[in-house]
There are 2 protein chains.
Amino acid sequence: MPPINREYNSHCRCLQVESRIIPPDSLRSIKLVPEGPQCPHTEVIAGLSTGEKVCLNPQSSWVKKLVKFVLEKQMQGPAKAQA
Amino acid sequence: MPPINREYNSHCRCLQVESRIIPPDSLRSIKLVPEGPQCPHTEVIAGLSTGEKVCLNPQSSWVKKLVKFVLEKQMQGPAKAQA
């Protein structure tokens, strides 16, 4: 379910969240929008390599793993020369 | 240091990363862009309530804490009725 565009009702961007697991390699970006005045809950919007935007459930464990994977991936790159 | 715009050289969006800690309340969004063909390292771009975009260092521990905070914040909301 793609996010509704911002002008629609300037509240939450996601009406529904996707349950299917997104394979990391088809992922272009993950946008975390913290709860705030504009929306009472945190929203996670994945940008796919197809250009599609998909709303994910911030509470599901695989989304947290995906976010962690993206941040940690940096570590497993080519071993940096030890100081 | 704001991200360079996409058309500039379609490689990495961040030339430099910000070291100052961003207070969570001034945060509107966090965008994680995994390393990929367009850029050899993961990029983290924070959108602030001022409208400013700031590049953060994905390897610094406070950025990981910030991301975790945003995802976990959902949990500390009003206790949902236990099923």
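This is a predicted model: local features need pLDDT of at least 70, side-chain atom pairs count only at pLDDT 80 or more; totals for chains, interfaces and linings use all residues.
Local features need pLDDT of at least 70 and side-chain atom pairs count only at pLDDT 80 or more, while totals for chains, interfaces and linings use all residues; side-chain values use heavy atoms, without hydrogens and water. Residues are numbered from 1 along each chain as its sequence is written, and chains are lettered from A in the order in which they are written.

A disulfide is a covalent bond between the sulfur atoms of two cysteines. Here it is taken as a pair of cysteine sulfur atoms within 2.5 Å. By this rule there are four disulfides over all chains.

In chain A, A:Cys12 is joined to A:Cys39, with an S to S distance of 2.1 Å. The torsion about this S-S bond is about 95°, so the disulfide is right-handed. A:Cys12 lies in the segment before β1 (27-33) and A:Cys39 in the loop between β1 and β2 (43-48), so the pair ties together parts 27 residues apart in sequence. Strands are DSSP runs (E, at least two residues), numbered from the N terminus. Both cysteines are buried, meaning under 20% relative accessible area (1.4 Å probe, protein chains only).

A:Cys14 and A:Cys55 form another disulfide, with sulfur atoms 2.0 Å apart. Its torsion is about -80°, so this disulfide is left-handed. A:Cys14 is in the segment before β1 and A:Cys55 in strand β3 (residues 53-56), 41 residues apart. The relative accessible area is 11% for A:Cys14 and 0% for A:Cys55. With the bonded cysteines of chain A numbered in sequence order, the pairing is 1-3, 2-4.

In chain B, a disulfide links B:Cys12 and B:Cys39, and both are buried.

Notes: Helices (H or I, at least four residues) and strands (E, at least two) are DSSP runs, numbered from the N terminus. Buried means under 20% relative accessible area, exposed over 50%, partly exposed in between (1.4 Å probe, protein chains only).
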